[in-house]
Amino acid sequence: MRNKAEKDSKGTGTDRLGDGLKLPLRVSLFQLTSVDDMALNEERIFFGLRKLAERGGARLVVLPENSLFMRLDRNAKLQAPRLQDPVFLRLTEFCRIHACDILLTTALLEENGQTVNATIRLRSDQSPEVVYRKIHLFDVNVLGVQQTRESDELTAGTEPKIIDIDGWKIGLSICYDLRFSELFLNYAKHQVDVLMVPSAFLVPTGRAHWEVLLRARAIESQAYVLAPAQGGSHQNSRGDLRKTWGHTMIVDPWGVVLSQAKNEGEESPQIIESSLDPSLISSVRNQIPMKSHRRL
């Protein structure tokens with residue numbers, strides 16, 4: 001199934017195919033336990049992709065934040081490939097063979113020398129493309145966890161982005177963006193069908209906030225939420241260790257969790273799947289017509 005339309009947006013509106021032309025969208029989300037070895041991470045991703053292909057595949061495959069590199073030693077250099085890295089060509093070839101799109105989020109070194117936390121779209125008929133750069137960088141000091149300052153190495157994005165896959169309008173975000181309701185209000189006003197939240201949540205914040213924020217974003221936007229996550233214990237051969245919350249989720253426009261990955265103790269990657277039904281979006285919006293009730 002090929003793309004019917006493709007438009008990027010700064011949040012100022014996109015053309016939309018009628019609901020009657022949209023077919024259900026088959027999606028697969030990977031939960032990874034990435035480490036600081038890019039070759040090993042790629043091997044695990046392709047293991048999951050082959051397993052997915054064996055059971056019928058999906059139109060859209062979504063990978064979490066830090067898919068290609070998860071820093072475990074806080075003093076080590078952040079590894080960020082360029083868009084021309086062969087890994088993206090290999091993933092593009094997979095897309096060509098299996099007629100799918102992949103959204104992958106990773107640190108990326110851009111041509112201007114800046115490093116960004118970016119979502120890259122891979123598809124069969126075009127070159128790899130950066131479709132979103134993380135706007136809200138994770139500079140926090142959570143109790144019980146080593147302080148984190150993404151802005152020390154990463155440049156923030158500046159624009160919301162909406163992409164179109166087979167007539168489905170998809171609003172993009174990355175991890176810490178989830179906490180900033182104004183970004184999702186922007187997407188809600190443009191009536192996106194899906195919100196994308198690839199993440200690597202800390203365990204304390206994940207336990208308290210992950211599910212409630214994802215379900216709230218689905219309810220207030222009356223859209224599906226796809227939230228692939230890093231999950232489990234990330235450890236290298238030197239014994240460096242990090243833990244992430246996991247619980248990769250697919251949430252429907254009514255706020256119901258359709259599918260959820262387990263946390264630790266499972267083989268990486270875990271894969272959850274669903275077929276997104278466009279009629280459910282219409283049903284929810286007809287029952288509670290928030291668009292016509294907005295006052296701000």
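Here are a few questions and answers about helix packing and cysteines in this predicted model.

Local features here need pLDDT of at least 70, side-chain atom pairs count only at pLDDT 80 or more, and totals for chains, interfaces and linings use all residues. Residues are numbered from 1 along each chain as its sequence is written, and side-chain values use heavy atoms, with hydrogens and water left out.

Reader: How are helix 1 and helix 2 oriented to each other, roughly parallel or roughly antiparallel?
Author: Helices are DSSP runs (H or I, at least four residues), and strands are too (E, at least two), numbered from the N terminus. The axes, lines fitted to C-alpha atoms over the stretch in contact, with angles from 0 to 180 degrees between N-to-C directions, come within 12 Å and cross at roughly 0 degrees. Angles under 35 degrees count as roughly parallel, so helix 1 and helix 2 are roughly parallel.

Reader: Which residues of helix 5 are buried?
Author: Buried means under 20% relative accessible area and exposed means over 50%, with partly exposed in between (1.4 Å probe, protein chains only). The face turned away from the buried side of helix 5 carries the exposed N286 and Q287. The buried ones in helix 5 are P278, I281, V284 and R285.

Reader: How far is the sulfur of C100 from the closest cysteine sulfur?
Author: A disulfide is a pair of cysteine sulfur atoms within 2.5 Å, and by this rule the count comes to zero. C100 is buried, with a relative accessible area of 2%. Its closest cysteine sulfur is in C95, too far for a bond, at 4.1 Å.

Technical notes. Angles under 35 degrees count as roughly parallel, over 145 as roughly antiparallel, 65 to 115 as roughly perpendicular and the rest as oblique.
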